[in-house]
Amino acid sequence: MNWGKWIIVSFVLFAAFIATLVTVCVRQDVSLVSKDYYQEELKFQDQITRQENTESLRVKPVITVNQQGVEISYPELSSITHGELMLFCPANAHHDRKVVVPAASERLVIIPAQELSAGMYKARFTWSMQGKDYYIEETLSL
C-alpha cells in the first residue's frame, strides 16, 4: 500500500469515529429540571418571599424519611390552608412525585415508601398559612 491509501483509510476511520460519537450523544436522555423553567424564573421573587416567610417562623416543618415513607412533621400542620409536596429526583424525571397536602394532625405521612424508588430526592414543600405562602427544601436519600 502506498501513502495515499493510508491517508484515505485514516480519514474513513476518523469519519466513522465521529459518526459513532454523534450517534451516542444524540441518543442520551437529557431531562430538564422543569419543562417551563423560563416562566418559573420570572416568578422567582415570589419564591424569595416564600423563603423569607419560612425563615421568620419560630418552628419550621421537618421532612424526614422513615420505614413508612416520606413524612412531614410540623406542630401547626392543622392550620395549613393549602400545601404541596414535590419530590424531585435529579437523576430521573420519571421518579418525580407531586402530592397535595391536606390539613391534618402533627404528623402526616405523605408518600408511602413502596411508591418511591431508591435514590436522592429534593423535597420541596410549599404551603399557605394565615394568608402567607411558605417554602422549604430538603435533600432526602432513600
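Let's start with an open sheet of 4 strands, whose order is 4-3-6-7 and whose pairing is antiparallel. Strand 4 (97-101) and strand 7 (132-141) stand at the edges with a single partner strand each, so one side of each has no neighbour in the sheet. On average, and with direction ignored, neighbouring strands here are turned by 15° against each other. Axes are lines fitted to C-alpha atoms, for helices over the stretch in contact, and angles between N-to-C directions run from 0 to 180 degrees.

This is a predicted model, in which local features need pLDDT of at least 70 and side-chain atom pairs count only at pLDDT 80 or more, while totals for chains, interfaces and linings use all residues. Residues are numbered from 1 along each chain as its sequence is written, and side-chain values use heavy atoms, with hydrogens and water left out.

Helices (H or I, at least four residues) and strands (E, at least two) are DSSP runs, numbered from the N terminus. Two strands pair if DSSP finds at least two bridges between them. Strand 3 (residues 80-88) and strand 4 meet this with 5 bridges, in the antiparallel sense. Look for Leu 85, which stands opposite Val 99 in strand 4. As a general point, side chains in a regular strand alternate between the two faces of the sheet.

## A hairpin

Strand 1 (residues 62-65) and strand 2 (residues 69-73) run antiparallel and are joined by 4 bridges. A hairpin connects strand 1 to strand 2 through 3 residues. Within this pair, Val 65 stands opposite Val 70 in strand 2.

## A helix across the strands

Now follow helix 3 (residues 44-55), which lies across strand 6 (120-129) and strand 7 and runs at about 85° to strand 7. Asn 53 has its place in helix 3. With a relative accessible area of 15%, Asn 53 is buried; that word means under 20%, while exposed means over 50% and partly exposed lies in between (1.4 Å probe, protein chains only).

Which residues does Asn 53 touch, not counting those up to four places away in sequence? They are Lys 132, Asp 133 and Tyr 134. Contact here means heavy atoms within 4.5 Å.

## A salt-bridge network

A salt bridge is a side-chain nitrogen of Lys or Arg within 4 Å of a carboxyl oxygen of Asp or Glu. By this rule the count is 2 salt bridges. In one of them, Glu 137 pairs with Lys 122, and the closest N and O atoms are 3.9 Å apart. Glu 137 lies in strand 7 and Lys 122 in strand 6, so the pair ties together parts that are 15 residues apart in sequence.

Arg 124 also forms a salt bridge with Glu 137, with the closest N and O atoms 3.6 Å apart. This pair links Arg 124 in strand 6 to Glu 137 in strand 7, 13 residues apart. Shared partners join Lys 122, Arg 124 and Glu 137 into one network. How accessible are its members? Glu 137 is partly exposed at 36% relative accessible area, Lys 122 is partly exposed at 25%, and Arg 124 is partly exposed at 23%.

## A nonpolar surface patch

Finally, turn to the surface, where Phe 14, Phe 17, Ile 18, Leu 21, Val 22 and Val 26 form a nonpolar patch with about 590 Å² of accessible area together. Leu 21 is found in helix 1 (residues 3-26) and is partly exposed, with a relative accessible area of 42%.

Patches are made of residues with over 30% relative accessible area and no salt bridge; like charges are joined within 9 Å, and nonpolar side chains (Val, Leu, Ile, Met, Phe, Trp, Tyr) within 5 Å. Accessible areas come from the Shrake-Rupley method with a 1.4 Å probe, and for residues only the protein chains shown count as cover.
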